[in-house]
Amino acid sequence: MDTTPSASAGAPDPSSAAMDSVLVEMRKARTNGWVLVAFTAVISVMLALMALGIDEDPLVWSFMALVLGGIVVLGIVAWVRNQHERSVMPTIAAAFGLSYQKAPSQFYQDLPQNFIPLGGRRSVDDLMAGTVADRRFRFAECKTETGGKNSRPLFKGVVLVVESKGTLPSFTIASEKETKGFMFFKGRVQVDEIPLLHQAAGRDGQSYGLWSHSSDARNMAGLRAFMDQIIALGPKVLGQSTLYSLVSTGGFYYVSLRHSRDLFKIGGLFSDDTTVMSDMRTAAAEFAHPIEMVTEILRAEEALLAA
């Protein structure tokens with residue numbers, strides 16, 4: 001099977017000219033950040049000292065001025081990190097032959113309803129798109145939460161969308177614990193009205209299920225072969241992520257890989273050029289995993305079609 005060089009030969013290095021330009025932009029953002037921090041600190045201290053002259057609760061007002069300054073500084077830190085990622089991520093993506101978009105607004109609208117829990121609050125960052133063996137794919141970091149005052153996370157990880165070959169059966173593969181509800185609460189991956197056709201233990205020790213309305217004997221053999229290959233994938237393909245769910249709609253595969261960290265965390269206010277280069281190498285290594293996953297999905301698809 002044809003694959004991109006990045007999927008088989010490790011992470012490529014961006015060109016020196018591109019890196020020099022990116023480092024200049026990142027240094028500028030870092031310098032601007034420190035200027036804003038210094039300005040905020042001076043203003044906060046001045047306001048705190050002025051508050052001491054207030055007749056009623058001077059210490060309270062002084063403390064509030066310092067707290068407000070601290071909140072602004074945290075915002076500046078986040079802004080610098082965001083600027084660094086905006087500067088460097090397109091360069092890393094280009095080294096893999098991928099296009100890049102920071103925050104695609106329509107990403108969740110295209111996902112299947114029984115794929116991941118959408119909750120009331122959603123965010124998506126760093127959308128990459130490209131091709132492997134003439135198949136289009138895209139992936140992004142996604143986070144969904146319940147929303148509201150006491151919001152809690154429902155899903156955090158990478159969502160990968162891969163174009164399938166021809167018209168294939170619709171099916172769902174998911175960690176079984178994510179499909180089980182409690183009392184009147186439904187599971188996070190909803191498969192209540194879909195027949196369970198196959199169960200097997202994955203390499204990560206979790207129990208996975210295969211749900212599909214397609215009960216044809218030939219499809220069953222292919223679907224089981226597909227599932228067995230996918231849940232047997234290890235760290236070389238998944239990195240530190242684990243398979244959450246995979247849904248085939250017949251035209252596309254939707255894959256969710258759960259993790260608990262920011263995969264593409266680069267630079268920041270307290271970084272230097274050495275730290276930035278180290279962060280970039282780490283991010284480039286993380287890029288390789290979704291591309292490897294695309295290759296493995298296409299291999300599993302071959303087993304499905306052969307059956």
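**Loop, strands and a helix pair**

Ala133 is found in the loop that joins β2 and β3. Helices (H or I, at least four residues) and strands (E, at least two) are DSSP runs, numbered from the N terminus. The model is predicted, so local features need pLDDT of at least 70 and side-chain atom pairs pLDDT 80 or more, while totals for chains, interfaces and linings use all residues. Residues are numbered from 1 along each chain as its sequence is written, and side-chain values use heavy atoms, without hydrogens and water.

Q: What makes Ala133 count as partly exposed?
A: Its relative accessibility is 31%. Buried means under 20% relative accessible area, exposed over 50%, and partly exposed in between (1.4 Å probe, protein chains only). The value of 31% therefore puts Ala133 in the partly exposed class.

Q: What is noted about the phi of Ala133?
A: Ala133 has a positive phi of about 50 degrees, although it is not a glycine. Most residues other than glycine have a negative phi. Asp126, also not a glycine, has a positive phi of about 55 degrees.

Q: Why is Asp126 called buried?
A: Asp126 belongs to strand β2 (residues 121-132). Its relative accessibility is 1%, so it counts as buried.

Q: How do you know whether Gly130 is buried or exposed?
A: Gly130 is also placed in strand β2. Its relative accessible area is 15%, and therefore Gly130 is buried.

Q: Which residues does Gly130 touch, not counting those up to four places away in sequence?
A: They are Leu98, Arg135, Arg136 and Phe137. Contact means heavy atoms within 4.5 Å. Gly130 and Gly97 are 33 residues apart in sequence, and their C-alpha atoms are 6.7 Å apart.

Q: Why does Thr144 count as buried?
A: Thr144 is part of strand β3 (residues 135-145). With 0% relative accessibility, Thr144 therefore counts as buried. Leaving aside neighbours within four places in sequence, its contacts include Tyr108, Ile116, Arg121, Pro153 and Phe155.

Q: What does the side chain of Thr144 reach at 2.7 Å?
A: The side chain of Thr144 reaches the backbone oxygen of Pro117.

Q: Why is α3 called oblique to α6?
A: The axes of helix α3 (residues 58-95) and helix α6 (residues 273-306) come within 10 Å and cross at roughly 45 degrees. That angle makes α3 oblique to α6, because angles under 35 degrees count as roughly parallel, over 145 as roughly antiparallel, 65 to 115 as roughly perpendicular and the rest as oblique. Axes are lines fitted to C-alpha atoms, for helices over the stretch in contact, and angles run from 0 to 180 degrees between N-to-C directions.

Q: Which residues of α3 and α6 meet, and how do they divide by type?
A: Val88, Met89, Ile92 and Ala93 in α3 meet Met280, Ala283, Ala284 and Phe287 in α6. They divide into 8 nonpolar, no polar and no charged. Ala, Val, Leu, Ile, Met, Phe, Trp, Tyr, Cys and Pro count as nonpolar, Asp, Glu, Lys and Arg as charged, and the others, Gly among them, as polar.

Q: What makes Met280 count as buried?
A: Met280, in helix α6, has 4% relative accessibility and so counts as buried. Met280 and Glu85 are 195 residues apart in sequence and 9.8 Å apart in space, C-alpha to C-alpha.

Q: How many helices and strands does the protein chain have?
A: The protein chain has 6 helices and 9 strands. Of its 307 residues, 47% are buried.

How values were computed:
Polar contact = N/O pair within 3.5 Å; in protein donor to acceptor, adjacent residues only side chain to side chain.
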